[in-house]
Amino acid sequence: MSRPAPRTEPAGAPLGDAFHVYDTTLRDGAQREGISYSVADKLAVARHLDALGVGYIEGGWPGALPKDTEFFARAAAGELELRHAALVAFGATRRAGLTADRDRQVRALLDSQAPVVTLVAKSDSRHIERALRTDVAENCAMVADTVSFLRGEGRRVFVDAEHFFDGYRFDPDTALRVLEAAVTAGADVAVLCDTNGGMLPLGIAEVVREVAERTGFRLGIHCQDDTGCAVANSVAAVQAGATHVQCTANGYGERAGNADLFAVVGNLVTKLDMPVLPDGAFAELTRTSHALAEIANIAPDTHQAYVGASAFAHKAGLHASAIKVDPELYNHIDPEVVGNGQRVLVTEMAGRASVELKGAELGLDLAGHPDAVSEVVQTVKEREAQGWSFEAADASLELLMRSAIGNGSQAAPPFTLESYRVIIEHRADGVVVAEATVKVLVDGVRMIATQEGNGPVNALDAALRAALTPSRPWLEKVELSDFKVRILTPGGGTDNPAGHGTDAVTRVLVESTDHCGPWTTVGVHGNVVEASWLALVDALAYAALRERSSGFAAAVPSGGRPRG
């Protein structure tokens, strides 16, 4: 059974070929410092982008980079089945003095079997003369010959006019001459590139509008982020008439990066009412962003527009009061339309509304407990003045709320401390080992355990587990997955009234996890070990709370009454 012909137009998006969302994560995005995609990574990225519904996926530069050549070969062999996107090979025009059919790089573009080719062409006379070391006439011939050859071989062709905005400002006639050579030879889109990323939105819009009026060509836009305006520049270009926009996932790219695909698409859909993705795909924006960050091995940007974890997080009490009345008062869109969610952060800035909303987010109804709300607000303010921070430690905050509404037993750790001790031993062979001993009461029984670890917190955690696990076997499912220490500004806590030197207050965040997911707890003290202990105690108290909740849930049938 023969495979269907490769797609040269986007499929599924309501605007079809009238507007292109063109992704260049696998080529331009891969030029970001710290990113090194394997071929398997590139295939995985392409699948995610296709599932999102972008129109074009630029896979790389075949013939120039071995990994890119292999990527296209494996895609052509059937490892990449695209439902929405057309695959694009990127490359340069023929070299000066050759014909396109004899240029090995141009031949490699054909060998890639990509149905669409994007050619990069110099459009700034200074680059033509100094970098290519040729003249404008030959440069235009290089563009025209290569486009014409590829079109004759059945390829759809786009042309990236490199350094267009700088070139247009310096020598507009040459810049337009290059575009004319490309389009006259058969290029479908002339892409205006802000290669150095130095433009601002009004300047972009002015040039795009002027070029569209002077040429009548179909125009695209490609913006780097060196002024922090890549997204704004891209949207401005679309408003000025561009119908092809090039982006990268999460703004990955060389130097300061490229226009962020998710912010550009978010703006086009929600602000300009342009349905540029297939039905239902817009809600996958956040998930796709995080999945692609995972493949790139780069932590997601929590403050990224639309898809960041903090994009719809509210900290100020004034915001929370308004959100309690109507979430739209402080959200520019409903977070769920992009697959994100609203969060309320409880800090020293919080008021009663913040606490009530956060309680509801955590599954606690605080509206009927006004005294408890007042207690939580006051406690949070007092503790944050001492260096505590609850906005990143929801588990500790939930324990505090439960205690305030009279569920103290639910918030209690599964033991009572008698004492703990930690010893650091530097051995003759240079190995440093921590040894911890804990003495606790568990169900009225005194338990003593000693364990070693590669640090005091690791040793304490091990000793505490050794003491508790015989009677709490569910602790075997709980792991300490992350540990962060921050030394706070001297004088920031009651344990350090003078605020001198090594007596500075320490804040510790502990992230724990089990088969259901992670949670974070916080501890603050002048002693780093005690701060760690406080965070560990909260972590185990929260683990016990989860265990009780899951145990009850497992015992409740659909009728809602516990068995037995």
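A residue is called buried when its relative accessible area is under 20%, exposed when over 50%, and partly exposed in between (1.4 Å probe, protein chains only). By that scale Thr99 is partly exposed, because its relative accessible area is 38%.

A word on the model comes next. This is a predicted model, in which local features need pLDDT of at least 70 and side-chain atom pairs count only at pLDDT 80 or more, while totals for chains, interfaces and linings use all residues. Residues are numbered from 1 along each chain as its sequence is written, and side-chain values use heavy atoms, with hydrogens and water left out.

Let us return to Thr99. Thr99 sits in the loop between strand E3 (86-92) and helix H3 (104-111); helices (H or I, at least four residues) and strands (E, at least two) are DSSP runs, numbered from the N terminus. Its C-alpha atom is 8.2 Å from that of Met142, although 43 residues separate the two along the chain.

Another loop, between H3 and strand E4 (116-122), holds Ala114. Ala114 is buried, at 1% relative accessibility. Its C-alpha lies 7.3 Å from that of Phe72, a residue 42 places away in sequence. Beyond neighbours within four places in sequence, Ala114 is in contact (heavy atoms within 4.5 Å) with Phe72, Leu87, Val88, Ala89 and Arg155.

Now for the helices. Two packed helices are described by the angle between their axes and the distance between the axes. Axes are lines fitted to C-alpha atoms, for helices over the stretch in contact, and angles run from 0 to 180 degrees between N-to-C directions.

| Helix pair | Angle | Axis distance |
|---|---|---|
| H8 (residues 201-215) and H9 (residues 230-239) | about 30 degrees | 8 Å |
| H9 and H10 (residues 261-270) | about 40 degrees | 9 Å |

H9 is therefore oblique to H10, whereas H8 and H9 are roughly parallel. Angles under 35 degrees count as roughly parallel, over 145 as roughly antiparallel, 65 to 115 as roughly perpendicular and the rest as oblique.

Where H8 meets H9, Pro201, Ile204, Ala205 and Val208 face Ala232, Asn233, Ala236 and Ala237. Where H9 meets H10, the residues are Val231, Ser234, Val235 and Val238 on H9, with Ala263, Val264, Asn267 and Leu268 on H10.

Finally, how many disulfides are there? The count is zero, taking a disulfide as a pair of cysteine sulfur atoms within 2.5 Å. Among the cysteines, Cys140 is buried at 7% relative accessibility, while Cys516 is exposed at 57%.
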